[in-house]
Amino acid sequence: MPRRAPLPPPPPPAEIRSWPDREAMLADRAVVLGELVRMHVGPGRLGLLWMWAALAAIGWSLVGSGIVIVEQSADFFSGIAGLVSLVIGAAVLVPAVAFVCLGVSRDRKVRSLLTAWGALDRDPERDRRLRMPGASLAWLLLSFALGAVGLALCVLGPASARPGRETYGLVALVMGVGMVAWLTALIGGVTALAHRRWVVGVLMGAGTGAGSGTGAETGAVLSPAATREADSARPPFTRAGGPGHR
């Protein structure tokens, strides 16, 4: 399996920032945010989540099949076949669940970096490409559909079981697959809503970056004197151990 791309570092503290000017900082910010957004809601991330979820569903299906075989085994060899199915299913299920958990933990780190880099400044032109409403909508709709299927399996499986006809292993198999689908949908829905919240709160929210409050970003028309006053109030970007540069 190919290794995941490493996460970019957080933005440096204000006292050691070494960008020569604001435009250089905005360019670096745009590159880092573009990579983080791709890691968060890009199609590759969605495909990876669904791949591990599918492997988890397959693993649980093998576990459930093993339970059914053991319950219905009439001889020694049937019991051995059931145990083999249980072992193979666990060998598939456990790594898949572990990688899903690692992905959720990585998503939390990505969201933290998105907030930190996005709060550096405002850049409406470059930030427009980072909103990706189509990607977040696709995440939300696919998660909704998968969640509906998973919830139906969790409810209809036990409800339609008949005593003496369906075994406990079969009911557990159906409910387990439904639970995997529902949890995957929950992760996808949270990811889509978190991205939208970041877009509204950081990219489109009230200015929190270094350049907030100036006429160029609020749309107000300033006089030359007010422009000079706003420029003098803007905190300069500093090099480590050297004077500030604008």
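The following legends describe several close-up views of one predicted model.

Local features are reported only at pLDDT of at least 70 and side-chain atom pairs only at pLDDT 80 or more, while totals for chains, interfaces and linings use all residues. Residues are numbered from 1 along each chain as its sequence is written, and side-chain values use heavy atoms, with hydrogens and water left out.

**View 1. Overall arrangement of the chain.**
The chain contains eight helices and two strands. Helices (H or I, at least four residues) and strands (E, at least two) are DSSP runs, numbered from the N terminus. In sequence order the pattern reads α-α-α-α-α-α-α-α-β-β. Of the 246 residues, 35% count as buried; buried means under 20% relative accessible area, exposed over 50%, and partly exposed in between, with a 1.4 Å probe and protein chains only. A contact is defined by heavy atoms within 4.5 Å. Among contacts between residues at least 6 apart in sequence, 84% join residues at least 24 apart.

**View 2. The largest nonpolar core.**
In soluble globular proteins, nonpolar side chains tend to be buried together. A nonpolar core is a set of buried Ala, Val, Leu, Ile, Met, Phe, Trp, Tyr and Cys residues joined through side-chain atoms within 4.5 Å. The largest core in this model has 23 residues, and those with the most contacts inside it are Leu 33, Leu 36, Leu 114, Trp 117 and Trp 198. Two or more residues are contributed by each of α1 (22–41), α2 (43–72), α3 (76–118) and α6 (168–203). Helix α1 gives the largest share, eight residues. When residues up to four places away in sequence are not counted, Leu 114 touches Leu 33, Leu 36, Val 37, His 40 and Trp 198. Apart from this core lies another, of seven residues, among them Ala 56, Ala 57, Ala 96 and Val 100.

**View 3. The surroundings of His 40.**
His 40 belongs to helix α1 and is buried, with a relative accessible area of 0%. Its side chain makes a polar contact with the side chain of Arg 111 at 3.1 Å. A polar contact is a pair of N or O atoms within 3.5 Å; within protein, one must be able to donate a hydrogen and the other to accept it, and residues adjacent in sequence count only if both atoms are side-chain atoms. Beyond its neighbours within four places in sequence, His 40 is in contact with residues including Asp 107, Leu 114, Trp 139 and His 195.

Side chains of opposite charge can pair when their charged atoms come close. A salt bridge is a side-chain nitrogen of Lys or Arg within 4 Å of a carboxyl oxygen of Asp or Glu, and the count comes to seven. Asp 121 and Arg 22 form one of them, at 2.7 Å from N to O. Asp 121 is buried at 0% relative accessibility, whereas Arg 22 is partly exposed at 24%. Arg 126 forms a salt bridge with Glu 23, the closest N and O atoms being 2.6 Å apart. Arg 126 lies in helix α4 and Glu 23 in helix α1, so this pair ties together parts 103 residues apart in sequence.

The side chains of Arg 38 and Glu 35 meet in a salt bridge of 2.3 Å, N to O. Being three residues apart in helix α1, Arg 38 and Glu 35 are separated by about one helical turn. Arg 38 is partly exposed, with a relative accessible area of 44%, and Glu 35 is partly exposed at 30%.

**View 4. Arg 122, a buried charge.**
Arg 122 lies in the loop between α3 and α4 (124–127). Lys and Arg count as positive and Asp and Glu as negative, while His and the chain ends are not counted. Arg 122 is buried yet has no salt bridge, and the nearest side chain of opposite charge, Asp 127, is 5.1 Å away. A polar atom of the Arg 122 side chain lies 3.3 Å from the backbone oxygen of Leu 203.

**View 5. Met 132 in a loop.**
Met 132 is found in the loop between α4 and α5 (133–160). Although Met 132 is not a glycine, it has a positive phi of about 45°. Met 132 is partly exposed, at 27% relative accessibility.
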